[in-house]
Amino acid sequence: MSHTHFKLFKPYGFISQLLSNDARQARKKKFLSELYDFPEGTMAIGRLDEKSEGLLLMTTDGKLSDTINRSGIEKEYYVQVDGMITDDAIEQMAAGVEIGFDGKKYQTKPCKVRRLIENPTLPERSKKIRDARHGPTPWISVTITEGKFRQVRKMTSAVGFPTLRLVRIRIGSQTLMGLEPRQVIEVKELL
């Protein structure tokens with residue numbers, strides 16, 4: 001059986017699933033099925049929370065989905081933080097920080113964190129972010145090989161610099177480059 005794969009630019013305010021069986025949630029939330037007529041059996045590989053944007057991979061191949069989720073493949077995020085993040089905070093995040101996960105404490109694995117010298121060229125977000133008049137809002141790049149629930153947001157908060165905007169720009173060799181928010185394209189291979 002041949003499978004179909006997609007990559008898309010998930011916009012702010014969408015949930016990383018095609019639909020909901022919960023009638024109330026289905027009325028109030030935005031789902032990926034609004035963006036494209038995906039074939040039956042399509043699933044998101046990993047998730048981005050409702051307030052996060054960026055690269056999302058979709059496939060009809062459940063085995064491939066499991067492989068990518070468990071393989072320790074790199075996921076890179078551009079993260080706009082509240083306040084002039086310090087070198088010390090960046091080093092702490094890179095070494096691993098303690099976050100809450102499933103009601104327990106969890107130590108994140110070492111990862112790559114760097115300050116972005118120039119602001120990334122990204123489309124405006126549908127919901128306004130507070131502007132720099134209220135203090136600096138620099139961007140950092142965070143590359144992780146795991147993906148706990150809201151992990152990057154929890155990591156920046158753990159070092160005292162809450163996330164204002166989070167955009168996933170890369171999963172393995174797949175990038176967000178050339179995609180606009182809401183855009184979905186079919187791809188031959190995901191890895």
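**Exercise 1.** Determine how strand β1 is paired with strand β13.

*Solution.* Four bridges join β1 to β13 (residues 184-187), and the two strands run antiparallel. Strands are DSSP runs (E, at least two residues), numbered from the N terminus, and two strands pair if DSSP finds at least two bridges between them. Within this pairing, Phe6 stands opposite Glu186 in β13. Strand β1 is also joined to β5 (residues 53-59), by six bridges and again antiparallel; here His5 stands opposite Thr59.

The model is predicted: local features need pLDDT of at least 70, side-chain atom pairs count only at pLDDT 80 or more, and totals for chains, interfaces and linings use all residues. Residues are numbered from 1 along each chain as its sequence is written, and side-chain values use heavy atoms, with hydrogens and water left out.

**Exercise 2.** State whether the residues of β1 are buried or exposed.

*Solution.* Buried means under 20% relative accessible area, exposed over 50%, and partly exposed in between (1.4 Å probe, protein chains only). In a regular strand the side chains alternate between the two faces of the sheet. In β1, His5, Lys7 and Phe9 point one way, while Phe6, Leu8 and Lys10 point the other way. Six of the six residues of β1 (residues 5-10) are buried, so the strand is largely enclosed by the rest of the structure.

**Exercise 3.** Classify the ring pair of Phe6 and Phe38.

*Solution.* Rings of Phe, Tyr and Trp (its six-membered ring) pair if their centres lie within 6.5 Å; planes under 30 degrees apart count as stacked, over 60 as edge-to-face and the rest as tilted. By this rule the count comes to four aromatic pairs. The ring centres of Phe6 and Phe38 are 5.1 Å apart and the planes are at 90°, so this pair is edge-to-face.
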